[in-house]
Amino acid sequence: MKLTRRNLILLAAAIGIAAGPATAHAADVLNVGAYPTNPPFEYKNESGTFEGFEVDIVNEAAKRIGMTTDIADLGFQALFAATTSKRIDVAISSITITPERLKSQSFTQPYYDSDMGIATKTDSAVNTEADLKGKIVGVLSGSTGETWVKAHQEADGFSDVKGYDTQQNLLLDLSAGRVDAAVSDIPGMEYSFTKMKDLKVKQRIKTGEQYGLMMTKDHPLLGKLNDALTAMKKDGTLAAIHKKWFGSDAPADSSTVKEMPMPKA
């Protein structure tokens, strides 16, 4: 058959439609976004590969639904835009499930329970929330720590709130005395304090926070990944991952061990 120029153009267009856009993700790859300096939840090792508690979780969950992961390095605040725009399928980075976030995002069932804490230099006179009057408090921008601090700033009399793009910069400024206290998730801070000996969590703020895999709103893989987490809890895989990264058994009544309902907006 002789192909005219018009036929060639139509054929090329048909092939393009069938193949989809060049930027489309591979069907068997779960595209994940992660904040790269959040040990022991996720961080980059010396070879530039992601490791951590949540990295193991998302890799295993993807494997159980017949997929592999491609993990992109993103800032904490950028994770929310990336899921909303469908640039990524899943975000990990100790992301707390909140009613506000559920308005624009979807979450799997939780797999980790956490509280926030007030951290200062070890020799600081700041020991409790009441001691923060007139003090400068540092937070990770976009975090639940920032939400808590701003909600309490007027009543507790904080002189200023400073936001940081990375937890590392927040804690370095705390160590250098540029902020008087930091409010953030306890597990990540305590892990950092094994190396930063001059800092300490002085007060626990009971918030009942829980972390889950954050996904594009109503993502078609949400149910499958949630079912994978249920299976990982039932066969002890999630508990083993917890033991690997935290060196202790997860509490029997925690979301790491117990099957939980999927959060609803």
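Trainee: How many cavities of 30 Å³ or more does the structure hold?
Mentor: One. Keep in mind that this is a predicted model.

Trainee: How much space lies in the largest cavity?
Mentor: About 180 Å³. It has 19 lining residues, and S94, L140, S143, S184 and D185 are the closest to its centre.

Trainee: Which helix and which strand each supply at least two residues of that lining?
Mentor: Helix α4 (144-156) and strand β11 (181-185).

Trainee: And how does the cavity lining split by class?
Mentor: Ten residues are polar, seven are nonpolar and two are charged.

Trainee: You mentioned S94. Where is S94 found?
Mentor: In the loop between β6 and β7 (105-107). Its phi is positive, near 45°, and S94 is not a glycine.

Trainee: Is S94 buried or exposed?
Mentor: Buried. Its relative accessibility is 8%, so S94 falls in that class.

Trainee: Which other non-glycine residue has a positive phi, of about 70°?
Mentor: K86. K86 sits in the loop between α3 (76-84) and β6. K86 counts as exposed because its relative accessibility is 60%.

Trainee: Let's talk domains. What is the chain divided into?
Mentor: Domain 1 covers 28-110 + 211-244, and domain 2 covers 114-207.

Trainee: How far apart are the C-alpha centres of the two domains?
Mentor: They lie 25 Å apart. As for contacts, twelve residues of domain 1 meet 14 residues of domain 2.

Trainee: OK, pockets. How much space lies in the largest pocket?
Mentor: About 390 Å³. Its lining has 20 residues, with Y112, D113, P187, H242 and F246 nearest the centre.

Trainee: Which elements each supply at least two residues of that lining?
Mentor: Strand β8 (112-121), plus helices α6 (186-192) and α8. By class, the lining has nine nonpolar, six polar and five charged residues.

Trainee: And the second largest pocket, how much space lies there?
Mentor: About 300 Å³. It is lined by 15 residues, and T37, P39, Q168, S192 and M196 are the closest to its centre.

Trainee: Which elements give two or more residues there?
Mentor: Strands β2 (37-38) and β3 (42-44), and helices α5 (167-176) and α6. Helix α5 gives the most, with four residues.

Trainee: What about the classes in the second largest pocket?
Mentor: Seven nonpolar, six polar and two charged.

Trainee: Why does the second largest pocket lie between the domains?
Mentor: Because domain 1 and domain 2 both give residues to its lining.

Trainee: P39 is in that lining. What kind of peptide bond joins P39 and P40?
Mentor: A cis one, with omega at about 5°. P40 itself is in the loop between β2 and β3.

Trainee: New topic. How many residues are in the largest nonpolar core?
Mentor: It has 29. L30, F53, I57, V90, I92 and Y111 have the most contacts inside it.

Trainee: Which elements each supply at least two residues of this core?
Mentor: β1 (29-34), α2 (53-64), β6 (90-92), α7 (222-234) and α8 (237-246). Helix α2 gives the most, with six residues.

Trainee: Pick I92. What is I92 in contact with, beyond four places in sequence?
Mentor: Its contacts include V32, A34, V55, V58, L79, Y111 and L213. E42 and E54 are also among them.

Trainee: How many residues are in the second, separate core?
Mentor: That core has 14, including Y35, I88, A91 and L102.

Trainee: Now α7. Is N226 buried or exposed?
Mentor: N226 is found in helix α7. Its relative accessibility is 8%, so N226 counts as buried. Beyond four places in sequence, N226 touches T108, Q109 and M262.

Trainee: Last one. Where is A239 found?
Mentor: In helix α8. A239 counts as partly exposed because its relative accessibility is 31%. A239 and V257 are 18 residues apart in sequence, with their C-alpha atoms 6.3 Å apart in space.

Terms used. Residues numbered from 1 in each chain as written. Predicted model: local features only at pLDDT ≥ 70, side-chain atom pairs only at ≥ 80, totals over all residues. Heavy atoms only, no water. Core = buried A, V, L, I, M, F, W, Y, C linked by side-chain atoms within 4.5 Å. Buried < 20%, exposed > 50% of the residue type's maximum accessible area, 1.4 Å probe, protein only. Contact = heavy atoms within 4.5 Å. 1 Å grid on protein atoms, 1.4 Å probe; cavity = no way out; pocket = protein on both sides within 12 Å on 5 of 7 lines; lining within 4 Å. Points joined across faces, edges and corners; volume = space filled by probe spheres on them. Nonpolar A, V, L, I, M, F, W, Y, C, P; charged D, E, K, R; others polar. Domains from an automatic or database assignment.
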